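Trainee: Could you walk me through this structure, and let me ask questions as we go?
Mentor: Gladly, let's bring it up.

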Amino acid sequence: MKFKTNFTTHFDTNAIHIDEVPNLSGETSSDVVSPIHFSSTFAKPDYENTCLGHGYSRLSNPTREVIESKLSSLENATHTICYASGQAAETAVILSYLKSGDEILCFDDIYGGTRRLLAHVFDNFGIITHFIDMREATNFEKHYNPRVKMIWAETPTNPFLTLCDIEQLALFAKKHKILSVIDNTFATPYIQKPLDLGIDIVVHSMTKYINGHSDSIAGAVCLKDSTLYERLRFVSNSTGMVLSPMDSYLNSRGIKTLGIRMQKHCENAFEIARFLESHKKVEKVLYPGLESFPQHALAKKQMKNGFGGMVSVYLKADYEQMKSFAQNLQIFNLAESLGGVESLYGAPYFMSHGSVSPEIKQQMNITKNLLRLSIGLEHIDDLKKALDNALHSL
Ligand SMILES: *Cc1c(COP(=O)(O)O)cnc(C)c1O
């Protein structure tokens, strides 16, 4: 971004303008929007140098660099690398910093794909993960042993929107000289910036809010430390899990409106949470912004610009009534994923936690009448009406 005078710019301005620099030299067209560079390789002017620092697109690509710079600026990171999915980003983190014999402390309330990766892929390589309750920071110490090299959490989580204290997690990691990782997918840097609170590594599934339009699978790792970055860059180039130019472009376009989208997601979700909480066909609503939310105090401390776009709800309904609710619900599509402009909903019992045994689901309170709503950007009255109509069919 080039401005004629020096002044500090804000989140929305950075999301739009970072790395969108028209080339006014007259040597090429002066695109206002950074073009898509599909080239896999870049010509060199001589044996030793590369033009603009790019040599081969597995290591770096100009279009990928655009989304990487934008996300770095929003997360207050100095470096970001984008990957072919959130899962690929997580894989890059483990491969870069851990080895056989190392152990991880991970929030037990975590995205199912993360649990599968840690518990059923990396365990085969001798990296052991302990899934622990992280709602209380005092619990970290109880599970520490000298083989623990990383602490990993997501906040808020899926589907209970449970929180963990990011600042406390960072302090614990510093005390034991281990790496701290926050999956910031649900909150996004619009709401919280874990690196500013002392966290070492932020991971994202950009598939969700960052891209925001449900048309790309993508992930990212954001860092402040250049030694950590050098290792990540080396491993990423060695393993090749990076994001394609087309997806990089889609994510760069998506992230430009992250601020205004998150503002509206938060507004709509809060209103839906209040509406559902007062509805007679509803048993319980989980939303960090509600006074009734068990960790509301922590939410107010840590979630700066709103409480997110996700709402979980238990309906007063048996399975037959749940089916009738689904038949009657308009606007909301029943689908995996979240964070897009369109509202979606999921039934954790059958979907995200479908492979978990019924006994464990019972223990976890994942029952058939639990729904997870990703509140989109449709008009609030339409969303309310759609839910109200479906609830009246119970
Ligand atoms: C979706 C998701 C992931 C995985 O990301 P993909 O882009 O689907 O690979 C990781 N963490 C969280 C919190 C997610 O919601």
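Mentor: What follows is a talk about cores, one lysine and some charged pairs.
Mentor: This is a predicted model, in which local features need pLDDT of at least 70 and side-chain atom pairs count only at pLDDT 80 or more, while totals for chains, interfaces and linings use all residues. Residues are numbered from 1 along each chain as its sequence is written, and side-chain values use heavy atoms, with hydrogens and water left out.

Trainee: How many residues are in the largest nonpolar core?
Mentor: The largest nonpolar core has 69 residues, and those with the most contacts inside it include Met 206, Leu 315 and Phe 325. A nonpolar core here is a set of buried Ala, Val, Leu, Ile, Met, Phe, Trp, Tyr and Cys residues joined through side-chain atoms within 4.5 Å; buried means under 20% relative accessible area, exposed over 50%, and partly exposed in between, using a 1.4 Å probe and protein chains only.

Trainee: And what does Leu 315 touch?
Mentor: Leaving out residues up to four places away in sequence, Leu 315 touches several residues, among them Val 282, Met 322, Phe 325 and Leu 371, where contact means heavy atoms within 4.5 Å.

Trainee: New topic: is Lys 208 buried or exposed?
Mentor: Lys 208 counts as buried because its relative accessibility is 10%.

Trainee: What does UniProt place at Lys 208?
Mentor: The unreviewed UniProt entry places "modified residue: N6-(pyridoxal phosphate)lysine" there; UniProt positions are given in the numbering used here, feature names are shortened, and annotations may be inferred rather than shown by experiment.

Trainee: What about Lys 323 and Glu 320?
Mentor: They form a salt bridge too, with the closest N and O atoms 3.6 Å apart. Lys 323 is partly exposed at 37% relative accessibility, whereas Glu 320 is exposed at 53%.

Note on methods
Salt bridge = Lys/Arg side-chain N within 4 Å of Asp/Glu carboxyl O.
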